[in-house]
Amino acid sequence: IQGLQWHSVILLLFLKLHQMPELINLSLLLTFSGPDGEKTWPKKYPFCGGVFQSPIDFHNDILQYDTTLLPLELVGYNVSSTDHFMLTNNGHSVRMSLFPTMHIRNLPFQYTATQLHLHWGNRNKPEGSEHTVSGRHFAAELHIVHYNSDKYPDVTAAIDKSDGLAVLAILIEVRCMSCAFSIVALVPGFDIQELLPDQLDEYYRYEGSLTTPPCYPSVLWTVFRHPVKVSEEQLLALETALYCTQPNDPAPLEMVNNFRHIQKFDERLVSVSFRQEEDFLNVLQEVSSRVGQNPGVLAPDFFEPLDNISALSIK
């Protein structure tokens, strides 16, 4: 089901927006693809050159296990097929508006959904995720944006506040198998949760910023540990069928590489809701060493040679 939903959403987004005769803001068009791209952002948007910027790379030196992090509870994500989502091409991504009946629990406040959008690379270098894990880029990244509805009336009021937004980030990687599909003109309601990985209890959590101007440091990021998968055909379609320009433009410009590069992450830690396998392996090695030094100490019954230690579920 997850693969089919992913397939349908991505396909419908680009099919619909490829045909949409919408006025495009040229300044947004040049956000990523201009002569200097994001290097020029701080001149007009000072926050882009400030602190708490996103995206970042998740590497072991900055990760800290936090036992207080709870699995997210998603409310109202299953939208009736009688309702329809509104699609928008804003010149640098494809965006789908979400309903205010959708919100997240188990965060410091209740956050209400407002929209989702995608970031991707290009056909020659399908490494378009914004966040990376130990330096590794994924093919694309989906962001589901929410605002703090306990404190603010709407996303406009919340967007520049330090506790204003919460974004769920889903890393997308390519799987080998292909998917058959049919062309549909509308996007009926569906269960948005099908776009997320199965394990909602394993994620990275940190305070960061918007990844496009004005780069307000107002986002509580939740980046899920496990990526979801799309086929090569789906990813290629996303990378090649969307344009920043009008359908009748004599020099059409493909919408590609709409991701921000990794930002500095000084003197901060990322909380994680899971234990790293490496930590568990280090514990086993230490126990093994101590047992070897003290023959009188018996290893527990479960401490036996394993062919595939990484297959263990670490809690």
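Predicted model: local features only at pLDDT ≥ 70, side-chain atom pairs only at ≥ 80, totals over all residues.
Reader: Hi! Which residues touch the most other members of the largest nonpolar core?

Author: Hello! That core has 38 residues, and the ones touching the most other members are Leu98, Ile144, Leu168, Ile192 and Leu196.

Reader: And which elements give two or more residues to this core?

Author: Those are strand E5 (94-97), E7, E9, E10, E12 and strand E13 (228-231). The largest share comes from E7, with 5 residues. Another core, of 23 residues, lies apart from it, and its members include Leu63, Tyr152, Leu165 and Val223.

Reader: Let's pick Ile192. Where does it lie?

Author: Ile192 is in the loop between strand E10 (165-175) and strand E11 (203-208).

Reader: Is Ile192 buried or exposed?

Author: Ile192 has a relative accessible area of 0%, so it counts as buried.

Reader: What is Ile192 in contact with, leaving aside neighbours within four places in sequence?

Author: Its contacts are Tyr77, Phe85, Met96, Leu98, Met102, Leu116 and Ile144. Also, the C-alpha atoms of Ile192 and Leu74 are 9.5 Å apart, although 118 residues separate the two along the chain.

Reader: Switching to E11, how many of its residues are buried?

Author: Of the 6 residues in E11, 5 are buried, so the strand is largely enclosed by the rest of the structure.

Reader: In which sense do E11 and E12 pair?

Author: They pair in the antiparallel sense, over 6 bridges. Within that pairing, Arg205 stands opposite Thr222 of E12. E11 also runs antiparallel to strand E14 (residues 270-272), joined to it by 2 bridges, and there Tyr204 has Val272 as its bridge partner.

Reader: Nice. How many disulfides does the count come to?

Author: The count is 1 disulfide. Cys48 is joined to Cys215, with an S to S distance of 2.1 Å. Cys48 lies in the loop between H3 and E1 and Cys215 in the loop between E11 and E12, so the pair ties together parts that are 167 residues apart in sequence.

Reader: Which handedness does that disulfide have, and why?

Author: The disulfide of Cys48 and Cys215 is right-handed, because the torsion about its S-S bond is about 85 degrees. Both Cys48 and Cys215 are buried.

Reader: Now charges. How many salt bridges does a search of the whole structure find?

Author: The search finds 6 salt bridges. One of them is between Arg105 and Glu73, at 3.3 Å from N to O. Arg105 belongs to strand E6 and Glu73 to strand E3, so this pair ties together parts 32 residues apart in sequence. Arg105 is partly exposed, at 38% relative accessibility, and Glu73 is partly exposed at 36%.

Reader: Which residue does Arg225 meet in a salt bridge?

Author: Arg225 meets Glu202, at 2.9 Å from N to O. Arg225 lies in the loop between E12 and E13 and Glu202 in the loop between E10 and E11, so the pair ties together parts that are 23 residues apart in sequence. Arg225 and Glu202 are both buried.

Reader: Which residues are linked in a network of salt bridges?

Author: Arg136, Glu173 and Lys229 are linked that way.

Reader: Last topic: the backbone. Which peptide bonds are cis?

Author: Two to look at are the bond from Ser54 to Pro55, with omega near 5 degrees, and the bond from Pro213 to Pro214, with omega near 15 degrees. Pro214 is in the loop between E11 and strand E12 (219-224). As background, most peptide bonds are trans, and most residues other than glycine have a negative phi.

Reader: So which residue has a positive phi of about 75 degrees although it is not a glycine?

Author: That is Asn106, in the loop between strand E6 (103-105) and strand E7 (111-120). Ser134 has a positive phi too, near 50 degrees, and it is exposed, with a relative accessible area of 55%.

How values were computed. Residues numbered from 1 in each chain as written. Heavy atoms only, no water. Helix = DSSP H or I, 4+ residues; strand = E, 2+ residues; numbered from the N terminus. Buried < 20%, exposed > 50% of the residue type's maximum accessible area, 1.4 Å probe, protein only. Contact = heavy atoms within 4.5 Å. Disulfide = S-S within 2.5 Å. Core = buried A, V, L, I, M, F, W, Y, C linked by side-chain atoms within 4.5 Å. Pairing = 2+ DSSP bridges. Salt bridge = Lys/Arg side-chain N within 4 Å of Asp/Glu carboxyl O.
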